[in-house]
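Trainee: I have a new model to read. Can you walk me through a few of its features?
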Amino acid sequence: MRKKINFKKIALWVISVFAVVFIIAGISFFAFRDKALQKAVAKVTDKMSRDYNSSFSVKEAKFNGLSGIEMKGVTIIPKDADTLLQVKEISTSVNLSRLLMGDVQLGTLKMRDGFVQLVKNNEGWNFKSFLHSKKDKEDNDDDARRSYAERAYRLLTKVLNLVPTDMALDNLNFRVDDMGRKLSMNLSKMTLADNQLESNIHVVEDTIIQNWKVKGFADPRNRKADLKFFNTDTSRIAVPYISERYGLKSGFDSIHVNLEKIEMESGELHVDGYASIRNFMVNHPKIALKDVVIDNARFDYRVLFGDRYIALDSTSTVQLNKLKVKPFAKYSVEADTTYQIKAHIPTMPAQDFITSLPKGLFTNFEGMEAEGNFSYNLDFLMNKNKPNALVFDSSLKKDNLKITKYGAADLAKLNGSFVYRAIDHGRAQRPVLVGSGNANYTPISQISPYLRKAVLTSEDPSFFSHRGFITEAFRQSLIKNIKTKKFSRGGSTISMQLVKNVFLTREKTLSRKMEEILLVYILENNHIAGKERMLEVYFNVIEWGPDVYGIGEASRYYFDKSPASLTLDECVFLASIIPSPKTFMYRFTGEGDLKSYALKHDNYIKNIMLRRGLISAEDTIAQKGHVNVIGRARGRLRLNKENIFANDSLDIDEIFFNLSKQAF
């Protein structure tokens, strides 16, 4: 008779075996874990020396309890450089179950009395050896095989796992010494408990002393946060370091950052949340001549990471005061490398748009009033490998839009006499009366038709048909700049040049360019001045040479004659110097003849005029491109006789000629 199997006894035996193994493993772990910890420290020390040319040391390292680790006297010192990091005491705990799976996830973290300092001297930064480790290439090759979604999710997960759920930091300093420019940020206290974070930061830079506070909700395990950053008093936070380093002054009252979700869905990573800022100020010579202030700004974002693309979803919203913009941006390498940008302003009152413009950025619009509504759409798509297929479409839809009151720039003054003063290098030049009271003022009917045709050909062929902007010309400019990888061609129209000369200064700032675009749109689309009048004013205000303003002065300065008597060659020459009138003398040899590149350029313009039917073959009789400068400008040519361009050079000629053709 077969003996009955006792499953109960077998189960008890198996459990007993596992219990013994577990107990032995536990005893072994506790018996040898300190040695394992010392071995880990030695491994890190060796890696720091080998890969980063730095010494890493820990005076004391031991386990505390089941999962806690305590370290004292932690330092990192790059070779022949200042100490990078030093911390007196660190204690932390890790999630053992996650550690067994290969992930490091901190549970608690306590640090006190330490600093991180970045020092730059004649030898460079003290952290330069950490910028390029020997393993960088291996890591990059490994990442390249992953999708963008996987890479981003992996990185975000690693970072958030290193944020403990229970944290207490005391007396930690972050210091920067950049060739004598010093910044100190002392984290006197930071705590994170029950998902509530609070910190106090004392900031010192030269004579500026600030006390910052960060407070709010933080849940690293569920990947959510809602934090506010502000000053402990009512003053604006001044962003440190960048002012001294880059001349950029910036500040704000408060910042609110919200992270709502980080989630993988069907192989696509979604990152959702919003950020807002109050009373944001920025000041830089390249932006504007005075402080630019935005009262309230908010960015509701949804960022998507796919297999081979990164995108800002169209459900995102950017809000500046009352102005709302729906942006979309996408970088993709799915087929070719493409860049796509879209922007949509839903229908809104025009007055809300004007009052929402950042203060200091649009000074000529302050006080302007408008009626009606408008909406706007921008569509841009560029294929890196097919630049000629670039898509650029900008459209504005008006609904009873009308300007009822102008600001500082009174566009209506173009219809009457006014005094014009050019601004050169921040200084107002002599006043020029634009009107019949000026003996040099020349009505459009008294200007040689050749000059009108030559200037329109070289500067703006479709002036009489466009509304201030030429979308195709701007698209071609973008294509040219992309191909040359530099700003080698612009898309400025005569309307834009007129507004820039009459109403704006000549500083190269973001403010001036944006004001130029908006003022041109208002001028052209509200029919404030007719095209003939705009062209007449343009001819009478632009600079034609050093301290030479208006065509009346220019025709006498170069040729000692009236604008009506100018020949075809003289008109083409005058049109050619408009982009750079103060350097006209470099187009001539020391003997007063046009150089070969200038002749080629002027003949090129005449050929275009012939093809377009603007002139006939009879007009070119005795017009071989040579001009005889007999006015006061002749003295400039004599003064210039010994300059470095006196000897005609075929290479330089070809360079200048090729550059000149970019306008066409």
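**Strands, a helix and a loop**

Mentor: Begin with a bridge: N121 has G124 in strand 5 as its bridge partner. Keep in mind that this model is predicted.

Trainee: In which sense do strand 4 and strand 5 pair, and over how many bridges?

Mentor: Strands count as paired when at least two bridges link them. Strand 4 and strand 5 (residues 124-125) have two bridges, in the antiparallel sense. Two residues sit between these strands, and together the strands form a hairpin.

Trainee: Which residue stands opposite G114 in strand 6?

Mentor: That is L172. Strand 4 (residues 106-121) and strand 6 (residues 166-178) pair in the parallel sense, over 12 bridges.

Trainee: Now helix 12. How many of its residues are buried?

Mentor: Buried means under 20% relative accessible area. Helix 12 (residues 551-559) has eight buried residues out of nine, and is mostly covered. Among them are I551, Y557, Y558 and F559.

Trainee: What comes just after helix 12?

Mentor: D560, with a positive phi of about 55 degrees. D560 belongs to the loop between helix 12 and helix 13 (568-576).

Trainee: Why is D560 called exposed?

Mentor: Exposed means over 50% relative accessible area. D560 has 57%, so D560 is exposed.

Trainee: Which residues does D560 touch, leaving out those up to four places away in sequence?

Mentor: S555, I630 and G631. Take G631: 71 residues separate D560 and G631 along the chain, yet their C-alpha atoms are 4.9 Å apart.

Notes: Residues numbered from 1 in each chain as written. Predicted model: local features only at pLDDT ≥ 70, side-chain atom pairs only at ≥ 80, totals over all residues. Heavy atoms only, no water. Buried < 20%, exposed > 50% of the residue type's maximum accessible area, 1.4 Å probe, protein only. Helix = DSSP H or I, 4+ residues; strand = E, 2+ residues; numbered from the N terminus. Contact = heavy atoms within 4.5 Å.
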